[in-house]
Amino acid sequence: MESKQCPKCGSNDIMTGSLSASRGFTFIPDTQSGIVLKSSYIACCACKDCGAVFDLTLTDKPSKLTNR
């Protein structure tokens, strides 16, 4: 695993996690077809020194969110 660096302060003291709300933050594409809406939770990194949140990433592959 590559070492991540904070884009705000340059620290290498980084933790990983996910954005959270009562049911979890999710990404839902604006356009979808079909009855069942597809979505993905969002993982991210945070700097232990300055608190910056960065590197937001879908936990599911983007191809799973489309009908292609």
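**Figure 1. Charged side chains across the predicted model.** This protein carries 8 positive and 6 negative side chains. The centres of these two sets lie 9 Å apart. Please keep in mind that the model shown here, and in each view that follows, is predicted. The protein exposes about 5400 Å², and carbon and sulfur atoms supply 53% of that area.

Figure 2. Read from the N terminus, the order is β-β-β-β. The radius of gyration is 15 Å, well over the 11 Å that the globule rule gives for 68 residues, so the protein is more spread out than a compact globule. Its C-alpha trace spans about 45 × 25 × 20 Å along the principal axes. Of the 68 residues, 19% count as buried. If you look at contacts between residues at least 6 apart in sequence, 47% of them join residues at least 24 apart.

Figure 3. The side chain of serine 40 has polar partners in the backbone. One is the backbone nitrogen of aspartate 60, reached at 3.0 Å. Another is the backbone nitrogen of threonine 59, which lies 3.2 Å from a polar atom of the serine 40 side chain. Leaving out residues up to four places away in sequence, serine 40 touches Phe25, Thr26, Phe27, Leu58, Thr59, Asp60 and Leu65.

**Figure 4. Serine 11, ahead of the strands.** Serine 11 sits in the segment before strand E1, which covers 14-18. Serine 11 is buried, with a relative accessible area of 10%. A polar atom of the serine 11 side chain lies 3.0 Å from the backbone nitrogen of aspartate 13. Setting aside neighbours within four places in sequence, serine 11 is in contact with Lys4, Gln5, Cys6, Cys47 and Asp49.

**Figure 5. Serine 20, in the loop between E1 and E2.** Here we move to the loop that leads from E1 to strand E2 (26-27), where serine 20 is found. Serine 20 is exposed, and its relative accessible area is 57%. To place serine 20 in the chain, look for threonine 31, which is 11 residues away in sequence. The C-alpha atoms of serine 20 and threonine 31 are separated by 24 Å.

**Figure 6. Isoleucine 35, an exposed loop residue.** Isoleucine 35 belongs to the loop between E2 and E3. With a relative accessible area of 86%, isoleucine 35 is exposed.

**Figure 7. Aspartate 55 and its backbone angle.** Our last stop is strand E4, residues 53-58, which holds aspartate 55. Aspartate 55 is not a glycine, yet its phi is positive, at about 55°. Its relative accessibility is 34%, so aspartate 55 counts as partly exposed.

Note on methods. Residues are numbered from 1 along each chain as its sequence is written. This is a predicted model: local features need pLDDT of at least 70, side-chain atom pairs count only at pLDDT 80 or more; totals for chains, interfaces and linings use all residues. Side-chain values use heavy atoms; hydrogens and water are left out. Helices (H or I, at least four residues) and strands (E, at least two) are DSSP runs, numbered from the N terminus. The radius of gyration is taken over C-alpha atoms; the globule rule is 2.2 Å times the number of residues to the power 0.38. Buried means under 20% relative accessible area, exposed over 50%, partly exposed in between (1.4 Å probe, protein chains only). Contact means heavy atoms within 4.5 Å. Accessible areas come from the Shrake-Rupley method with a 1.4 Å probe; for residues, only the protein chains shown count as cover. Lys and Arg count as positive and Asp and Glu as negative; His and the chain ends are not counted. The place of a charge is taken as NZ of Lys, CZ of Arg, CG of Asp or CD of Glu. A polar contact is a pair of N or O atoms within 3.5 Å; within protein, one must be able to donate a hydrogen and the other to accept it, and residues adjacent in sequence count only if both atoms are side-chain atoms.
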